[in-house]
Amino acid sequence: MTNTTKKVIKNRVAFLEKKIPSYVSVLGITGILLLWELVCRLNIVPPLFLPAPTAIITDGWEMISSGELLKNLLASLYRILGGYAIGAVLGIVVGLLLGFSKLADAIFTPIVYSIYPIPKIALLPLIILWFGIGEMPKVAIIALGVFFPVLINTFSGVKSVDPSLIKAAVTFGSNHFNVIRKVILPGALPTIFAGLKLAAGTALLLLVSAEMIAAQYGIGAMVLHYGNLMITTKLMAGVLILSLLGLMFNRGLQWLERKLIPWK
Amino acid sequence: MKIVIENVEKRFTDSKKNEVLALEDINFTINEQEFVVLVGPSGCGKSTLLNIVGGLLSPSKGQVYFEGTEEDKEPTLGIVFQEIALFPWRSVFENVTFGLEERGASKNERAEKGKHYIDMVGLTGFENAYPKQLSGGMKQRAGIARALAVEPDLLLMDEPFSALDAQTRTIMQEELLTIWNRTKLSTLYVTHNIQEAVYLADRVIVLSRHPGHIKKIITIDLPKIGRDQDQYRAQFEKYADEIWQLIRHDAEEALKEA
């Protein structure tokens, strides 16, 4: 028998398919929280700069039971939901119009693209001049911030609808209105949703900024208020609420997307 | 009823503003219950011609018309697209009955015809599936059912199986013949595959390029079913070879351009 060696070929991309158990994520977040608590308990960082998670929760609970948190949260929710709804609806409608009408596209697209890059918060003083200091300017600034990304995504969604689908619809007897309703709108929907998700982040950012600049109530105003008073536990409770708000916003949109786009 | 393609010519302007003559002097007739196949090398304008017949492109000269139609009735067309073009947001059933829906057919009629044609193409049980969940061959079955469901006066098929693998393609060709035998629709079928042309056609129209024009019209004098059987092999090959000799030079030229 000759002396042969055996070399087995191994899958060298196995690392791409490696399965990570789901408890790892839970462990990660718990680990961070524990470490954070430990750092605070050992007084490595003064509690003024970084309050312990337990302290935040204790003070947060107090804010909930006094009704303070709810009052601020409701004020914020009203603004962000109102502004978001107005901006999203207008953005979708105008985006569809620009997508369908070559004339509207020629006239308005340059205007849209020159307003789009302006950081919307810079317009707040102007908007306050227009609408006064009530709820209107905050709702308006959020609507404005939501309007543009939704519009631009809707527009590009309409433009990217597969022309062979439009051909097919026309061949099988669709009139113009039905082409829009049955082909272009559903075809643009995934891109519209990408815009809606993008706009959710913008809306939250503008909400907090506007509330910090000019508001009595609202999570943003509350965070700023406790910052000025150097009560970091309550400040952090506000930040925590904002994080949850963003998370829920995203989850809500994801849920809606699955409902409306089951074919993806 | 027959479909007449009369003196059709198509000119395009390309990106360099040059005028290109894509089709010239196209004349032929599709008779009732006739299966006509357009075959030619790439760039001969066969898809352009099919689009003109399908009303998706206007000819620069000439016209396409139906002769002997019932009065006041627009002729209906069914097209099977190369890109399949199923609506991703509609289930198989909703895709198949799309044309009926747009024609204002009642719910009962849609249900009945939808089922009939879904059965015919062998997609029973997949009525509620979305196109994404189907294989390539199944998608095109749904595409065929959608075109059949409107019971068209003319069925147009634009390289319907070119995106499929060779095995699926062979099976689909056989099934298409079976379906065609049941419906006997006047059909215009575009392909670059010569075997497919000889296998399916009553008449093969060989197109040539620069500009696209009819080089020859060949009547395939073989029984419609079972052309792949041994007894017809010699004749089949003869037809295929004749077409290949007509196309070969053009196909080689096309290769140099691309």
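This is a predicted model: local features need pLDDT of at least 70, side-chain atom pairs count only at pLDDT 80 or more; totals for chains, interfaces and linings use all residues.
## Extent of the interface

The size of an interface is often given as the accessible area lost when the parts come together. For chain B and chain A, the area buried between them is about 1,700 Å². Carbon and sulfur atoms account for 67% of this area.

In terms of residues, 23 from chain B are in contact with 18 from chain A.

## Salt bridges and polar contacts

Across the interface of chain B and chain A, 2 salt bridges are found. One of them joins the side chains of Glu102(B) and Lys182(A), with a distance of 2.4 Å from N to O.

## The side of chain B that touches chain A

Three elements of chain B each supply at least two residues of the side that touches chain A: β5 (77-80), α3 (98-102) and α5 (136-149). Of the residues on this side, α3(B) gives the most, with 4.

Sorted by class, the side of chain B that touches chain A comprises 13 nonpolar, 7 charged and 3 polar residues.

## His225 of chain A

His225(A) lies in helix α9 of chain A, which covers residues 219-228. Its relative accessible area is 41%. Because this value falls between the limits of 20% for buried and 50% for exposed, His225(A) is classed as partly exposed.

Met212(A) is 13 residues from His225(A) in sequence. In space, the two residues are 8.7 Å apart, C-alpha to C-alpha.

Methods:
Residues are numbered from 1 along each chain as its sequence is written. Chains are lettered from A and ligands numbered from 1 in the order in which they are written. Side-chain values use heavy atoms; hydrogens and water are left out. Contact means heavy atoms within 4.5 Å. Buried area is the accessible area (1.4 Å probe) that two parts lose on being put together, summed over both. A salt bridge is a side-chain nitrogen of Lys or Arg within 4 Å of a carboxyl oxygen of Asp or Glu. Ala, Val, Leu, Ile, Met, Phe, Trp, Tyr, Cys and Pro count as nonpolar, Asp, Glu, Lys and Arg as charged, and the others, Gly among them, as polar. Buried means under 20% relative accessible area, exposed over 50%, partly exposed in between (1.4 Å probe, protein chains only).
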